[in-house]
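Subject: Structure handover

Hello,

Here is the structure I promised to pass on. My notes follow below it.

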Amino acid sequence: MNIKQRVISLITEVDNGKYSNIALNDYFKENRLDKKERGFITEVFYGVIRNKIFIDEMISKRTKEIKKDWLRNLLRISIYQITFMKSDARGVVWEATELAKKKFSVPVGKFVNGVLRSYDREKDEEIAELRKSERFDILYSYPEWFYGKVKKDYGSAAEDVLKSLKKIPYMAVRVNKLNYSETKFENLLKKMDIKIIKKVDSVYYLDSGTVLYTDEFKKGKIIAQDGASYLAVKVLNPKAGETALDTCAAPGSKTVLMAEFMENQGEIMALDVYPHKIKLIEENCEKMGIDIVRAVKMDARKLKEQGKKFDKILVDAPCSGYGVIRKKPEILYSKGAENIEELAKLQYEILESASHILKDDGELVYSTCTITSEENTENVRKFLEKNPEFELAKFEIPENVCGDFDEFGGFCINYKEEILDNFYIMKFRKKGEQK
């Protein structure tokens, strides 16, 4: 099968609702490809999804209607190559034309040829016009409402935010210090000729994802985890012997990290509302050699009904996910502004519920993998206004992680950070009784 036909089938799967990372991982597991082929497929596949609005705008200007998804995706791939990969435009046009001829007919091939040649002639002028008219929503491929939201929240930095969220992500893994060491892991990387792009404590950003096929990964010595979610647990800082709660735990990467901080001593309750995700948490704990976690099927909004209180609580709440657009670019096209409002309400309900079962002098971290003010700063504002028994707890962020503290002391890893996911972290302390 032609390599572009492979990409067409993958994009079609995402258009039909499959998550991009799952579609690509499944495909690579089922098909043996060399490094060059995998690299090309990955770049074009994600490139088309990241730039879908811009590409479709260019196609719609030159066509009335395209009924065949296969044909539309061929044009998308070709326009992406011409625009963003600096490929030889004549070669791209020729190959697309031949593929269309073989798949459909000579007239369809001529149609593809005409569309792509027209785009190649006019692209520079059209891109310049989009910039001049500040149509950054089309230029950087964002829904118009999302661009408006970013402009409102970030002002003059809005374009920087849009560009940042379209950057290519790096593979990140964390060393499980309960049964492995950073020294041994770095020696493994040298043997595999894998370079370290960035390091945040025990989290490594790498120029290759092949470590996920090693025995070290299979045996739980390393785990896939971004530095941003690692920092949420580090800020919480659960200690050996304490009781801790992970309110929205699946798949369990933060849960096992909490156990690592606790030296696998104490007690952790990890919640999720779906039975299959509870099993996933348990499997991750077993793989990582953790035995202090009790995974429980429970809606975190009903926490105060269970009675038990905790020293430390992590509320890594379900969110819009706009901080991880680099890894899941398709989420931009499946959600709207109303989703943010619904999620902000859910997040607050979980935070409020969890606060009732925190011990006096206990600490709670609220975090999300998104950048919207409604889900972050505004939820914090509302919580502090309604819960005077809570105070802000100061915390530090590693110097090599960029972002900004908000008015309440919450930290947002944002467009200033080149490598880590965008992420919000806030820490509260429940005041003990005054003596």
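A residue counts as buried when its relative accessible area is under 20%. By that cut-off Lys 254 is buried, because its relative accessibility is 12%. Please keep in mind that this is a predicted model.

Lys 254 and its helix

Lys 254 sits in helix H14, which spans residues 253-261. What does Lys 254 touch, once neighbours within four places in sequence are set aside? The contacts are Gln 225, Ser 229, Val 233, Asp 246, Leu 314 and Asp 316. Two of those names are aspartates, Asp 246 and Asp 316.

An α-helix has 3.6 residues a turn, so residues three or four places apart point the same way. After H14 comes Glu 263, with a positive phi near 55 degrees.

Strand S1

Which strands does S1 pair with? One is S3 (residues 203-206), antiparallel, over 4 bridges. Another is S4 (residues 222-224), also antiparallel, over 3 bridges. Arg 174 takes part in both pairings: its bridge partner in S3 is Val 203, and in S4 it stands opposite Ile 223. In a regular strand the side chains alternate between the two faces of the sheet.

The whole chain

The protein chain holds 17 helices and 13 strands. Its C-alpha atoms fill a box of roughly 85 × 50 × 40 Å along the principal axes. Is the chain's radius of gyration in line with a compact globule, or out of line? In line: for 435 residues a compact globule would come near 22 Å, and the chain has 24 Å, which agrees.

Of the 435 residues, 53% count as buried. Among contacts with a separation of 6 or more, 71% join residues 24 or more positions apart. The accessible surface is about 20,700 Å², and carbon and sulfur atoms account for 48% of it.

On charge, the chain has 76 positive and 72 negative side chains. The centres of the two sets lie 4 Å apart.

Best wishes

Methods
Residues are numbered from 1 along each chain as its sequence is written. This is a predicted model: local features need pLDDT of at least 70, side-chain atom pairs count only at pLDDT 80 or more; totals for chains, interfaces and linings use all residues. Side-chain values use heavy atoms; hydrogens and water are left out. Helices (H or I, at least four residues) and strands (E, at least two) are DSSP runs, numbered from the N terminus. The radius of gyration is taken over C-alpha atoms; the globule rule is 2.2 Å times the number of residues to the power 0.38. Buried means under 20% relative accessible area, exposed over 50%, partly exposed in between (1.4 Å probe, protein chains only). Contact means heavy atoms within 4.5 Å. Accessible areas come from the Shrake-Rupley method with a 1.4 Å probe; for residues, only the protein chains shown count as cover. Lys and Arg count as positive and Asp and Glu as negative; His and the chain ends are not counted. The place of a charge is taken as NZ of Lys, CZ of Arg, CG of Asp or CD of Glu. Two strands pair if DSSP finds at least two bridges between them.
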